[in-house]
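Please read the points below with the model open beside you.

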Amino acid sequence: MFKYVIRRLLIAVPVLAGISLVLFTILALAPGDPFEELATNPNVPREVAQALRKQFGLDDPVMVRYVRWFGSMAQGDWGFSFVSRVNVSTLILQRLPTSLFVLGTAQLLGILIALPIGTLSAVRPYSLFDQVATTLAFVGFSLPTFFTGILFILFFSIYLDWLPFIYRADIGAAGWRWWWEHARQAIMPVAVLGLFQGAALTRFVRSAVLEVIRLDYINTARAKGLSERVTVVKHAVRNALIPVVTLVALQIPTIFTGAVITEQIFRVPGIGSLLISSILANDTPVIMAITFVFSGLVVLFNLLADILYGWLDPRITYR
Amino acid sequence: MDERELRTLIDDVKRGRLSRRRFVQTMVGLGLTAPLAGQMLASAGVAQAQTKPAAYKPSKRGGGGALRTLWWQGSTLLNPHFAVGTKDQDGSRIFYEPLAVWDPEGNLVPVLAAEIPSVQNGAVTKDGKSVTWKLKKNVQWHDGKPFTADDVVFNWEYAADPATAATTNGTYKDLKIDKVDSHTVKVTFAKPTPFWADAFVGVRGMIIPKHLFEPFKGAKSREAPANLKPVGTGPYRYVDFKPQDVVRGELNPGYHMPNRPFFDTIEMKGGGDATSAARAVIQTGEVDFAWNLQVEDELLKRMEQGGKGKADITPGGNIEHIQLNNTDPWKEVDGERSSVKTKHPFLADPAVRQALNLLVDRASVQEQIYGRTGIATANFLNEPKRFYSRNTKYEFNVDKANQILESAGWKKGADGIRAKDGVKLKLVYQTSINSLRQKTQAIVKQAAAKAGIEMELKSVTAAVYFSSDVANPDTYTHFYTDIQMYTTTMTQPDPEVFMSQFASWEVASKDNKWQLRNITRWRNEEYDKLFRSAETELDPVKRGALFIKMNDVVIQNIVVIPVVLRPAVAAISNRLKGAEQSGWDSNFWNLENWYREG
């Protein structure tokens, strides 16, 4: 087991290096540069942009820049943003808590919705409840978040005027009011993301439970005279959850990237909105760092899912 | 009324033969606003009337609660000398102040200066080679240190040092600043400079403290801690800054103007999109002020009905215009197309240019596309009003265009496209991807087809089109098409920099990596001469006449076809007072005067 983890981690290193090379090349080939606004401003002498390019090493060939970037990255130096001249690690750390809070809550909400609804649907398949739940789930994951987000804003903020739609990471209040304000502003982004995740997950839970609930050992449990509650919760759901857990683990990096648009709509100062503004500003070091973190997350959670799978299902062994 | 008549009138006021009020009334009768007429008198050497005190009502400092503002792009840094765009300048302006600011009419208003220098008070020398600024006394930095002439001199040293790579470098590099006494500085120019109010004024003139930045002058400029934690003289003190997200400040109890500021805290939030920013101010009232709303006017109007705020539309000089290429974009000479060594096959014919000018239906473009956010105009130079030419007019007339082309020998072929000597009137019309621009393209194309000119529409994504990428042929500076359309911005109330884009030494070409500003590659001796004389003309009235003449030369030769003026649009809550915008300065140019009513 330990050997397996080590081996997987070692394989991850060349994978990540490859990803970073591809990213860097694509960014270098993409049009635009961080000092574009300077170049089009008639009041800024051309020498300024040239001096900045030189100072930040942008005039060197792509390979030289890549090797330099990779070298300092390997030593834990993420570089600094060309646009704000702040260290990239500072920028990311400033935004990580907000992202984690919103995404974590959304994922939790998704699971809380999916588990009971999916299970109930599977226990009574093709009942009215199942039909309604299935329809809603389809609607839920067919509607993209940028659409539901705007719909929520129009309805809850503008029409009803209940909720604010501008997310502020630091609220100038203390005690209960702080909690209240935070909850109020988080409702919409969390709901949009959580419902989307929950919808897809509901379908998955339903089919997983459906597969298990027809098996003989469930009949045995019922025949033993166990109550329906215990049969479903202890015997069926527990076994059905094995693939679900893996799915949730694999989903987490996707949530990070999928939340980019939701963060933009609600002005949530998370990693995603940092990524968008950096892309718009051609701020290579920040884009590199964030996309690299995302790809790191994918690799890490893949490994985690594999390990979890083995832990939940003893039939699987690692070699 | 021409220049001479105007001068006679001004002279009359000077000698007391004509009352000041009478003069202003005459000018208002001519369509000028009263402050502009006042400005004319002031710049011509007639003492300014007592400026009316700004209608600032609060009678004590603070107590206004929180001021919340929204920019759809957040500030990235808070050092005004590194500011890249409006968002950075505005973020810095919360904490830092210049010596003087530009009000909406393009007049100077003192902030850190004790008074505005002028020829009358002797602070501006008659030869235009130096200006002396008297600084306000008893101004303190947020950390309690006094603000003195040393700070002002330091800002010049800091920005003028090429190693600092300050974006304000162009403003300061050719100056010399001397400290006269602890609260007086003298700015000396290398040559007579009519527009002396660039250094230390407006967005490029914010003053940073010497005692915090001195160790970080030059190559180490990136490392200064105060780049992210500003210490200024402004109405609000630094609290928190997260790049591209939020700038927060709190009331500065030692601010140098009485009873100001009104608000206890200020927040400048970034991100999101322009439409929802407008909603947050106008519809829900969640925010008091939102910046630069590039939102269709129809939508703004709908929001304004019964809303909590309104759209504030401020005239400025930014102009959406169509450029006609003077060179041949399809022939390659020495490794570049649109080379000045070539001549455009048919746009070189004045008749074709006149026809095109008649085929752009500006009134419809304004009416159907831009509404209040784009005003049809015949002039390239429109603002400030004292530079506005009344000698030009625009017209939309397909029949006349047909006649002109016909009599110039361009005959319609079997395919309906006009041709002459084997050259067909087929051209490529390029712009950036933007729904407003694509609609404008369609209107022009339709009219052109009626006159036998075929237009192929090309739209390039903005990131490429406006980039300075030397290798990409689709940037606006390469101009590898026959005609193109975009907005040129005018950032100062003085048109010198703005009008330099038609000077022949500014032609963009491969040699200068397409970094110079004359994109149309138009070269004209008369224009060059006018520009050269305006550069050193110290008489403001004569100088104004020179710029008007330059505009007329450009319009008469149809170097470009102006389409619409693009005023700045902000959203302001109905309860927020004093937040009137100036087209010539930061959005926060008078932040200290903002207050809330009701």
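Which residues have the most contacts inside the largest nonpolar core?

1. They are B:Ala277, B:Ala278, B:Val281, B:Phe289, B:Ala290, B:Leu293 and B:Ala571, in a core of 131 residues. A nonpolar core is a set of buried Ala, Val, Leu, Ile, Met, Phe, Trp, Tyr and Cys residues joined through C-beta atoms within 7 Å, where buried means that 20 or more other C-beta atoms lie within 10 Å of a residue's own, with C-beta atoms placed from the backbone. This core draws at least three residues from each of domain 1 (2–74) and domain 2 (93–312) of chain A, the bounds coming from an automatic or database domain assignment.

2. This is a predicted model, in which local features need pLDDT of at least 70 and side-chain atom pairs count only at pLDDT 80 or more, while totals for chains, interfaces and linings use all residues. Residues are numbered from 1 along each chain as its sequence is written, and chains are lettered from A in the order in which they are written.

3. Leaving aside neighbours within four places in sequence, B:Ala277 is in contact (C-beta atoms, placed from the backbone, within 7 Å) with residues including B:Leu70, B:Trp72 and B:Ala571.

4. Where chains A and B touch, the contact takes 41 residues from chain A and 44 residues from chain B.

5. Within chain A, 15 residues of domain 1 are in contact with 13 residues of domain 2, and helix 1 (residues 2–29) supplies the largest share of the domain 1 side, 10 residues.

Note on methods: A residue is buried if 20 or more other C-beta atoms lie within 10 Å of its own, exposed if 12 or fewer, and partly exposed in between; C-beta atoms are placed from the backbone. Two residues are in contact if their C-beta atoms, placed from the backbone, lie within 7 Å. Helices (H or I, at least four residues) and strands (E, at least two) are DSSP runs, numbered from the N terminus.
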